[in-house]
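Dear colleague,

I am handing over the structure we spoke about, and I would be glad if you could look through it with the notes below beside you.

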Amino acid sequence: MGVAVNEFILPSFLNLLDPLNIFLMIAGLAGGIVVGALPGLTATMGVALMVPVTFSMDPTNGLVMLGAIYVGAIYGGANSAILVCTPGTPSSVATTFDGWPLCQSGRADEGLYTSLLSSSFGGIIGSFFLLFLAAPLAEGALNFGASENFWLCLFGLSTIAVMSADNMGKGLVSGAVGMLVSTVGLDPNSGIPRFTFGIYEMVQGVAVIPCMIGLFSFSQVLFLIGSQRQHIAEYHPRKGTFGMIFRYLATKCKVVLMRSSIMGTLIGILPGAGGEIASIICYNESKRWDKDPARYGKGCIEGVASSESANNAVIGGSMIPMLTLGIPGSAVAAVLMGALLAHGLQPGFKIFTATGELTYTFIASQFAVNLLMIPVGFLLCKCMARLLNLELSIVAIAIVVLAYIGAYAISNSMVDLWMVVLFGVIGFLGAMVGWDAGAMALGVILGPMIEENLGSCLQLAQAADGGLMTVMAGGYINKGLIFALILSLLTPFLLKWKNARKNKTCDKGATNA
Amino acid sequence: MRMFKLLPLLVASMLLTLSVNTTFAADYPSKQINMIMAFSAGGSSDVQARIMEKYWNKYSNQRWTFIYKTGAGGALGFAEIARAKPDGYTIGGLNMPHIVLQKLGQNAQFDPKTSFAYICQVVNDPQCIAVKKGSPFKSVKDIMDYAKANPGKLTVGMSGKLSGHGLMFLDFKKKYPEAKFADVYYKGAAEQNVALLGGEVMMIFGNLNDVMRATDQMDVLAMASETRNPFLPNVPTLKELGYDIVSDIRRCFAAPAGIGKKELTYLRDTFRKICNDPDYLADMKKAGQPAEYMDGPDFEAYVKSQYGKAEKALSDAGMLKK
Amino acid sequence: MRKSTADILAGVSFLVIAFIFLVQFDGEEGISRIFPLGLISFIALGGIWCVAKGIWRRKTEQPAAFSSENKTGWKRVGIIAGLSILYGIAIPILGFFTSTGIFLFTAFYALNTQISNVTVRVGRGLTFAILFSLAIWVSFVKLLNVPTPAGFLF
């Protein structure tokens with residue numbers, strides 16, 4: 001490490017002072033935040049769109065800019081999640097749980113500043129791991145095989161139980177519907193089309209993003225229009241909110257921020273699990289360990305902080321296996337890896353020595369970008385909050401157009417556009433009878449991963465001596481995950497029991513008095 | 001008065017520009033060419049096409065517009081190429097054996113034998129047999145001996161059943177039935193590499209482009225190609241070792257069938273010039289893309305021969321879609 | 001909506017989904033069979049449970065439990081949903097920007113019934129449609145190069 005510090009780390013931080021790099025970081029951040037905030041355009045698309053632009057640049061400048069877009073877009077998603085309850089990127093779904101109630105109670109500015117500061121904090125923790133612990137963490141990630149991923153996905157799914165404790169039955173069935181919907185298209189194990197309803201184009205399956213745009217953005221349009229309100233929410237910005245939020249986060253949310261950022265980084269390292277899973281899992285862990293879990297979902301700062309710090313921490317984590325092993329930890333990291341390859345850079349442990357200066361400059365830029373994000377994001381979210389002063393019908397109509405563009409642009413397919421409408425209507429009508437859109441989205445995201453990994457486990461079991469049991473339950477990671485899963489499933493009952501006891505003691509206290 | 005003198009000049013010049021314009025219009029290409037990519041931006045196919053684009057701009061006065069039509073393992077994008085108007089202004093990248101397997105196994109909406117006018121092959125990415133560094137297997141013979149001694153215990157990681165890897169596995173099974181492997185399928189190369197490096201599977205069939213990124217952690221024992229590859233010159237071919245297996249993924253460019261002869265000749269000539277450009281080859285090497293040029297007619301013959309082979313292999317395995 | 005009605009409707013909708021996918025299912029083998037069939041059965045059971053719960057709840061529920069705090073403007077929801085569907089149909093025919101402009105204007109006109117002056121309503125609708133289409137075109141097509149659906153017109 002000592003050699004690396006002298007040889008690469010210090011020069012790389014100096015490289016960042018290059019005015020061109022500073023300009024690219026700010027431009028990338030601003031562009032990323034806008035792309036991320038627009039419902040429909042995701043971080044993956046934002047980075048992918050800019051990859052060709054970097055081909056004409058110096059590789060260092062190009063990567064610094066792409067990294068800035070990635071960070072900006074993941075944070076940007078929170079703005080629309082809080083202001084309109086339509087997550088701009090799938091990783092901001094959990095931000096809507098508490099961000100939207102905050103906005104509805106006229107405290108939109110608190111939500112926006114919380115998301116900005118927590119995103120920046122999460123991003124810095126993620127970059128810290130990337131800089132100092134990349135090699136051991138990448139080795140650790142290799143221990144996550146099919147069975148470990150299977151249990152992790154089930155653990156992710158079990159959060160439905162916590163998420164909708166008072167509506168658990170419908171929540172679980174909604175999750176199952178999501179998973180069933182995700183089976184449309186090519187069977188991951190045999191490669192044969194299924195559930196295509198006679199339409200050939202359906203072999204592409206129900207892609208996660210159009211489904212999410214439908215469930216959250218389009219259905220929100222219907223809800224807003226149906227609410228007969230003039231404006232989305234009342235908005236009373238107050239002076240000193242930023243400082244107040246900063247102090248609150250630095251004192252009351254230390255543990256939540258730290259836990260979510262570390263968990264987010266670790267989940268980011270796993271290939272296949274990205275920000276959308278990390279933010280939901282971290283949100284639920286914050287809720288589970290809170291003294292008063294009932295606050296969550298009603299506009300609680302900790303909820304926004306945990307989801308937003310987690311999804312930005314994923315960024316650093318997802319780059320660890322991408323740089324060290326050539327295995328991207330998220331969809332955006334996969335695009336970034338394509339950019340690396342196109343610039344003639346081969347990922348691998350060598351990348352830290354052979355092209356060390358570039359690699360360390362890129363990592364250093366991640367720190368800088370996360371710090372620069374605070375002023376850039378502050379200005380932009382002030383502008384975006386003006387949205388609340390616009391007439392509701394204008395915002396709603398505009399979201400429809402943006403949702404269509406975003407859905408179509410994913411793969412140039414009208415099928416994706418119709419998916420938005422279909423899931424929008426399902427989400428809207430479903431919400432009336434108690435369907436859980438969050439659980440359904442979780443099912444759509446996790447369904448294919450569960451099925452693929454279960455398939456691999458069954459194939460591995462044919463060769464293993466102890467059969468399926470050894471494959472599924474062997475090793476301490478599997479056992480740990482199974483234990484966490486059981487604990488997670490028991491949580492709602494434990495909470496009920498705790499509440500009941502509390503009420504009892506309260507009653508006793510009342511009678512005694 | 002002057003007006004009258006000028007008028008014929010004006011008319012003449014207008015006629016001249018018009019005629020120049022018409023000759024330009026007759027010169028293919030006179031506008032941007034749509035390049036349909038069936039895989040997402042930043043993917044391996046896209047990286048290759050972007051390198052190609054750089055040199056296309058050197059030899060042609062018209063640019064490419066990239067259109068990404070992704071999904072269903074590329075089948076939707078390939079179908080889009082087949083359906084496009086054959087005026088020479090829409091071309092795209094195809095992958096072998098994907099196009100053959102999608103037709104045979106998934107009812108894809110194109111026919112590799114008739115839907116495309118192949119321009120040329122640009123990449124031949126052979127399958128490799130790779131094990132983790134420090135594995136007890138030091139050669140293909142070790143693997144075969146182990147598989148014979150412990151039938152069904154040797155796990156092989158592959159990406160996708162209906163894929164180049166799957167075909168290679170069927171070929172192996174048929175030619176060397178005494179060695180019994182346990183086949184494990186993953187979503188893609190990334191997951192497959194994790195499985196090998198994490199010790200979940202003992203060996204993988206991996207494409208050169210994917211395994212050479214991890215040569216400091218993997219040993220490549222053999223390559224299923226006709227000749228040794230300059231990327232890994234010390235790795236023997238399976239043929240050298242006495243196993244008659246050749247299996248690879250190839251990338252080519254194609255126009256929809258029915259394209260005019262002039263347009264096709266132009267495309268084939270330009271692509272040939274690109275593929276012989278030493279700078280292009282250097283860029284391809286830097287990006288880890290095993291370049292191998294094959295001209296259009298030869299590639300078409302290759303597709304047809306592979307179609308027959310794949311059809312037989314799948315029908316023997318009962319995987320043919322009725 | 002009464003809680004019992006919500007339960008029954010949710011249950012019925014779950015059953016419908018399970019049924020639709022069951023009809024589409026054509027027997028695969030191995031994991032490809034277990035996973036979807038398992039989900040279908042789970043959803044069907046969940047549906048039955050919801051219906052049963054709804055019926056049981058109805059017996060004990062007071063009809064007065066009917067909550068009317070949030071009235072949904074069904075007509076407005078119908079308008080925006082219908083226009084969005086028409087918009088989707090129009091895109092491949094008219095081209096993306098033509099249909100976007102028309103959609104923006106029509107939706108604005110139809111949803112802003114509180115503006116009684118028709119001239120003002122048309123004027124503001126047109127301004128909104130033109131400005132927003134232009135903004136989309138500049139930012140997406142020119143700046144970001146995002147593909148938009150092609151049609152016969154622009």
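Predicted model: local features only at pLDDT ≥ 70, side-chain atom pairs only at ≥ 80, totals over all residues.

**Chain C against chain A**

The contact between these two chains involves 61 residues of chain C and 62 residues of chain A. Together the two chains bury about 5,200 Å², and 81% of that area lies on carbon and sulfur atoms. The interface has 2 salt bridges by the rule applied, one of which pairs D7(C) with K170(A), where the closest N and O atoms are 2.5 Å apart. Residue pairs in polar contact across this interface, with both partners at pLDDT 80 or more, number 8.

As for where the residues come from, the side of chain C that touches chain A draws at least two residues from each of α1 (3–24), α2 (31–60), α3 (74–94), α4 (96–111) and α5 (118–144) of chain C. Of these elements it is α3(C) that gives the most, with 12 residues. Sorted by type, the residues on this side of chain C are 43 nonpolar, 13 polar and 5 charged.

Which residues does F140(C) contact once its neighbours within four places in sequence are left aside? They are L38(A), L41(A), L402(A) and I405(A) in chain A, together with N145(C) and V146(C) in chain C. The C-alpha atom of F140(C) is separated by 25 Å from that of Y109(C), a residue 31 places away along the chain.

**Chain B against chain A**

In this second interface, 45 residues from chain B and 49 residues from chain A take part in the contact. The area buried between chain B and chain A is about 3,800 Å², with carbon and sulfur atoms giving 57% of it. The count of salt bridges between chain B and chain A is 0, while the count of residue pairs in polar contact, again with both at pLDDT 80 or more, is 6.

The elements that supply two or more residues to the side of chain B that touches chain A are the helices α2 (44–59), α3 (75–83), α4 (98–106) and α7 (189–197) and the strands β2 (64–68) and β6 (181–186) of chain B. The largest share comes from β6(B), with 5 residues. By type, the residues on this side of chain B divide into 18 nonpolar, 15 polar and 12 charged.

**Aromatic pairs**

Over all chains the structure holds 43 aromatic pairs. In one of them, the rings of F242(A) and F378(A) have their centres 5.0 Å apart and their planes at 75°, so this pair counts as edge-to-face. Because F242(A) lies in helix α11 (residues 241–251) and F378(A) in helix α16 (residues 356–385) of chain A, the pair ties together parts that are 136 residues apart in sequence. F242(A) is partly exposed, with a relative accessible area of 25%, and F378(A) is likewise partly exposed, at 25%.

A pair in chain B joins Y118(B) and F299(B), whose ring centres are 5.5 Å apart and whose planes stand at 65°, so that this pair is edge-to-face as well. This pair links distant parts of the chain, since Y118(B) belongs to strand β4 (residues 116–132) and F299(B) to helix α11 (residues 296–317) of chain B, 181 residues apart. Y118(B) is buried, with a relative accessible area of 0%, and F299(B) also counts as buried, at 0%.

Chain B also has an aromatic cluster made up of Y28(B), W56(B), W64(B), F66(B), Y68(B), Y89(B), F253(B), Y266(B) and F271(B).

**Backbone details**

Two points of backbone geometry remain. M96(B) and P97(B) are joined by a cis peptide bond, with omega at about 0°, and P97(B) is found in the loop between β3 (90–96) and α4 of chain B. In chain A, C85(A) has a positive phi of about 65° although it is not a glycine. C85(A) sits in the loop between α4 (59–84) and α5 (93–104) of chain A, and at 13% relative accessibility C85(A) counts as buried.

With best wishes

Methods:
Residues numbered from 1 in each chain as written. Chains lettered and ligands numbered in written order. Heavy atoms only, no water. Contact = heavy atoms within 4.5 Å. Buried area = accessible area lost by both parts, 1.4 Å probe. Salt bridge = Lys/Arg side-chain N within 4 Å of Asp/Glu carboxyl O. Polar contact = N/O pair within 3.5 Å; in protein donor to acceptor, adjacent residues only side chain to side chain. Helix = DSSP H or I, 4+ residues; strand = E, 2+ residues; numbered from the N terminus. Nonpolar A, V, L, I, M, F, W, Y, C, P; charged D, E, K, R; others polar. Phe/Tyr/Trp six-rings, centres within 6.5 Å; stacked < 30°, edge-to-face > 60°. Buried < 20%, exposed > 50% of the residue type's maximum accessible area, 1.4 Å probe, protein only.
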